[in-house]
Amino acid sequence: MKVEQISIFLENRAGRLEEVTRILAENQVSIRALSLADTSDFGILRLIVSDHEKAKATLKENGFTVGRTSVVAVEVDDQPGGLHAILQILSAGGVNVEYMYAFVQQSSKTAIIVFRFDKTDQAIELLGNKGFRIIPGSELYNL
Amino acid sequence: MIYDVDLETLPREDLEALQLSRLKALVARAHANVGFYRQKFDEMGVAPSDIRSLADLKLLPFTEKQDLRNHYPFGLFAVPKENVVRIHASSGTTGKSTVVGYTRRDVRNWARIMARCFMAAGASSRDIIHNAYGYGLFTGGLGAHYGAEELGATIVPVSGGGTKRQVMLLKDFGPTVICSTPSYALVLHEAALEAGFDIKDLPLKIGIFGAEPWTEEMRRDIEDKMGITALDIYGLSEIMGPGVGIECSVAQKGLHIMEDHFLVEIIDPDTLEVLPQGEVGELVITTLTKEAQPLIRYRTRDMTRLNVVPCRCGRTFARMHRVMGRSDDMLIIRGVNVFPSQIESILLETEGLAPHYLLVVKREGNLDTLEVRVEVDEKLFSDEIKNLQRIEGKIVKNIKDYLGVTAMVKLVEPRAIQRSEGKVQRILDLRKQH
């Protein structure tokens with residue numbers, strides 16, 4: 001039920017992000033979702049892509065430091081209170097959100113939220129019990 | 001195994017008697033044949049006949065690197081040029097290069113000394129030795145080369161550079177011993193992984209590393225990653241080249257100095273006084289047997305200490321602690337002495353950090369600033385900002401705690417720091433350009 005996300009260490013200087021997108025484009029890897037966390041010196045680019053094995057390998061070949069993390073993608077109604085309903089359940093269950101990012105699907109009434117939890121398995125169970133749909137990796141990679 | 005049992009295990013008393021007779025002969029030779037020394041002796045009012053015991057060494061003048069430069073290229077030779085069979089020269093990274101000459105006997109002695117070193121490292125005539133020290137004017141390549149042949153081992157004269165080819169030869173030839181700089185060994189390890197294999201799985205078992213300062217932590221890192229015994233070798237071109245001292249594989253604790261050829265002292269680099277046994281100071285070497293270019297009390301600028309306690313391996317030669325730093329490599333940051341090797345130790349102690357770093361020193365206003373650039377490899381990387389910032393904070397704190405200096409730490413992408421194939425550039429001092 002988990003989704004593989006790759007993360008890339010980037011120095012905070014012009015052209016580094018562009019280098020990543022160039023490598024992915026040249027290798028026919030599509031980006032499904034992304035988020036960029038940054039400080040004054042460096043940033044961490046987190047990506048969900050169509051082929052994480054290939055993305056990781058080609059980025060490494062080009063000298064980038066690449067990590068891999070399991071995250072959870074949850075489908076939520078695209079309406080007021082949608083995200084709040086999820087966070088209430090997690091908060092009551094004692095699960096902490098390390099980071100998250102969201103995107104809205106085309107021609108759909110739902111949004112997808114990508115979470116990194118401190119207790120991943122517990123979070124999946126809590127949300128599953130309450131009827132939330134956890135989107136499998138295979139579905140997300142091929143969106 | 002000991003290559004030269006008679007000499008390497010000589011009782012200290014007999015060793016000192018041998019050193020004294022050699023010292024007397026050396027001083028007489030230098031005085032008779034080298035104008036520089038004759039003049040110095042005269043200025044100080046000392047004659048060769050004044051040397052009656054090893055303690056009289058302190059009556060003699062020091063020799064400095066600058067003296068070699070002042071007499072560039074052949075001004076310190078003690079023999080006619082036709083007796084010189086080889087010339088080496090230093091890279092001259094800190095000024096004009098220094099030249100060294102060797103007679104036929106000097107070259108032979110050097111080969112035997114290096115053969116002793118290989119055996120002390122645990123090698124024998126059955127080994128294949130991959131020699132990644134540069135061949136040429138630099139003493140490393142040829143020094144190790146002739147020592148390996150003297151031992152009867154198989155030498156692979158790879159020289160420096162061409163990392164991909166080196167990695168291929170390591171795999172195809174299956175050497176059991178490698179000679180290189182310690183940082184280059186780590187480069188080879190990485191390159192092998194990129195080529196799809198692990199040096200750990202190869203027959204390689206011994207690494208003889210020198211030509212740049214390194215640390216105990218780096219030794220452990222190399223030994224873990226490559227599955228070998230890593231030994232420190234010491235030498236400097238002015239004195240001979242590699243082989244002045246080496247660690248034995250038995251104790252791996254201190255470098256045995258080839259004391260029948262090199263007479264060593266430890267001095268205070270400021271007062272120039274000889275320090276008592278066991279204290280840390282600058283290593284000073286007198287070449288007892290060199291013919292072409294004998295040096296008296298040569299100031300190495302390397303900081304270390306000596307230990308004369310007999311070693312488990314049976315050798316009686318004094319052992320020097322691995323070089324702790326160089327008096328002229330030392331950075332002074334807001335009045336605090338900082339050696340790159342100290343920063344390296346701190347980085348290695350901070351969990352998971354690869355020893356690839358660069359120290360950048362700048363002057364902002366009237367204040368010196370130290371920036372430590374550390375490469376982020378996969379072991380260190382996290383997809384959470386707070387983890388990376390925690391590591392940055394930990395390094396800053398450790399540097400402050402251990403060295404008393406406030407440093408800025410900057411995490412950088414791998415290979416952002418210039419990776420050289422010879423000596424590693426660890427310091428970028430931008431103060432000198434203003």
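This is a predicted model: local features need pLDDT of at least 70, side-chain atom pairs count only at pLDDT 80 or more; totals for chains, interfaces and linings use all residues.
Local features are described where pLDDT is at least 70, side-chain atom pairs count only at pLDDT 80 or more, and totals for chains, interfaces and linings use all residues. Residues are numbered from 1 along each chain as its sequence is written, with chains lettered from A and ligands numbered from 1 in the order in which they are written.

Chain B holds 11 helices and 21 strands; these are DSSP runs numbered from the N terminus, with helices being H or I of at least four residues and strands E of at least two. Of the 434 residues in chain B, 45% are buried. Here, buried means that 20 or more other C-beta atoms lie within 10 Å of a residue's own, exposed means 12 or fewer, and partly exposed is in between, with C-beta atoms placed from the backbone. Contacts are counted when two C-beta atoms, again placed from the backbone, lie within 7 Å. Among the chain B contacts that link residues at least 6 apart in sequence, 66% join residues at least 24 apart.

Nine strands of chain B make up an open, mixed sheet, running in the order β4-β3-β5-β6-β7-β8-β9-β14-β13. Its edges are β4 (154–156) and β13 (306–307) of chain B, each pairing on one side only. Two strands are taken to pair if DSSP finds at least two bridges between them. Inside this order, β6 (206–209) and β7 (229–236) of chain B run parallel and share four bridges; Ile208(B) has Leu231(B) as its bridge partner in β7(B).

Among the buried ones are Trp110(B), Ile113(B), Met114(B) and Phe118(B), along with Asp106(B) and Arg116(B). The buried residues pack against α1 (5–8), β2 (99–103), α6 (139–151), β7, β8 (241–247) and β9 (255–257) of chain B. After α5(B) comes Gly122(B), with a positive phi near 100°.

Phe173(B) sits in helix α7 (163–173) of chain B and is partly exposed, with 15 other C-beta atoms within 10 Å. Leaving out neighbours within four places in sequence, Phe173(B) touches Ile128(B) and Val156(B). Ile128(B) is 45 residues away along the chain, yet the two C-alpha atoms are separated by 8.2 Å.

The Tyr72(B)–Pro73(B) peptide bond is cis, with omega near -5°, and Pro73(B) lies between α4 (65–70) and β1 (84–89) of chain B. Ser159(B), in the loop between β4 and α7 of chain B, is not a glycine but has a positive phi near 65°. Arg297(B), between β11 (281–287) and β12 (298–304) of chain B, likewise has a positive phi, about 50°.

Finally, 16 residues of chain A contact 16 residues of chain B. On the chain A side, β1 (3–11), β3 (42–49), β4 (66–77) and β5 (97–104) each give two or more residues.
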